[in-house]
Amino acid sequence: MDDEHPMNRDHSAPHGGEARYLRDASRLSVPLRFDRCGVEREQMGGIHYRPSGRRLVGQLAELTARELQLEEHTVSRVRFAALICDVGRDQIPAKILHKRGPLNDEEWLEVRRQPELGAALLSDTSLDDIREWVLARRERPDGRGYPRGLSGDQIPVEARILAVTDAYIAMASGRPHRAAKTQAAAEQELRRNAGTQFDASVVEAFIHAWHRRGAQPQPITT
């Protein structure tokens, strides 16, 4: 038996990935690699994540970042982060993601792993800033978010933008267990939770940006 065959090596060392966004293919490529297993950094497989379905989220994030007068480089990074921040979702069992009824405690624990799953895949140093935003996008200003229980200014403003834009898309999209909300109802829900679940200044920036552009986002089918 060949001891150098990849299946015969010790795979106990940490595994990782180096994400690259392939613009021409509109795909996030995440090669999975292992170290110290006989041949350094040999590719084992990969995840190919297509963010094309999240283009509206990217547009919303960009509009909101501009409304907050963030620097142009940051606006571009926030738009990119919005495109790829859902990458960990595919690692959650489909039966949980598409469940029609309420989730039980065990299923909620799986869902709450998504920020950490996504951040773990974005290990390339060129994504250091975006990885932090992805990890923090489910944190809340009142400290009741996850995974680290951050609050207020501990949460990067870029992550707060992702939280608001993601929430709007979720509310405006049809789900197996509920119908999509109208634009007015989704905006009302954002305002109702401003200061607790969402950053109040980001909520207002998001809503003002849409109204300033005369945009009329409609319910989304996913």
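Is Tyr-146 buried or exposed? In this predicted model, Tyr-146 has a relative accessible area of 15% and is therefore buried, since the term applies to values under 20%.

The chain contains 9 helices and 4 strands. Of the 222 residues, 41% count as buried.

Confidence deserves a look before the details. The average pLDDT of the chain is 77, and 69% of the residues score at least 70. Helix H6 (residues 128-136) has the highest confidence, with a mean of 96, while strand E4 (residues 42-49) has the lowest, with a mean of 42. Two stretches have a pLDDT below 50. One covers residues 1-26, which make 61 contacts in the model beyond near neighbours in sequence. The other covers residues 216-222, with 15 such contacts. Where pLDDT is low, the predicted coordinates should not be read in detail.

Leaving aside neighbours within four places in sequence, the residues in contact with Tyr-146 are Arg-112, Pro-115, Leu-135, Arg-138 and Glu-139. Glu-116, 30 residues away in sequence, has its C-alpha 9.6 Å from the C-alpha of Tyr-146.

The axes of H7 (residues 157-172) and H8 (residues 183-192) come within 10 Å of each other and cross at roughly 140°. The two helices are therefore oblique to each other, and the crossing is right-handed. On the H7 side, the contact is made by Val-164, Ala-167, Tyr-168 and Met-171; on the H8 side, Gln-183, Ala-186, Glu-189 and Leu-190 meet them. Sorted by class, this contact comprises 6 nonpolar residues, 1 polar residue and 1 charged residue.

Key
Residues are numbered from 1 along each chain as its sequence is written. This is a predicted model: local features need pLDDT of at least 70, side-chain atom pairs count only at pLDDT 80 or more; totals for chains, interfaces and linings use all residues. Side-chain values use heavy atoms; hydrogens and water are left out. Axes are lines fitted to C-alpha atoms, for helices over the stretch in contact, and angles run from 0 to 180 degrees between N-to-C directions. Angles under 35 degrees count as roughly parallel, over 145 as roughly antiparallel, 65 to 115 as roughly perpendicular and the rest as oblique. A crossing is left-handed if the near helix is turned anticlockwise from the far one by less than a right angle, and right-handed if clockwise. Contact means heavy atoms within 4.5 Å. Ala, Val, Leu, Ile, Met, Phe, Trp, Tyr, Cys and Pro count as nonpolar, Asp, Glu, Lys and Arg as charged, and the others, Gly among them, as polar. pLDDT is the predictor's confidence in each residue, from 0 to 100. Buried means under 20% relative accessible area, exposed over 50%, partly exposed in between (1.4 Å probe, protein chains only).
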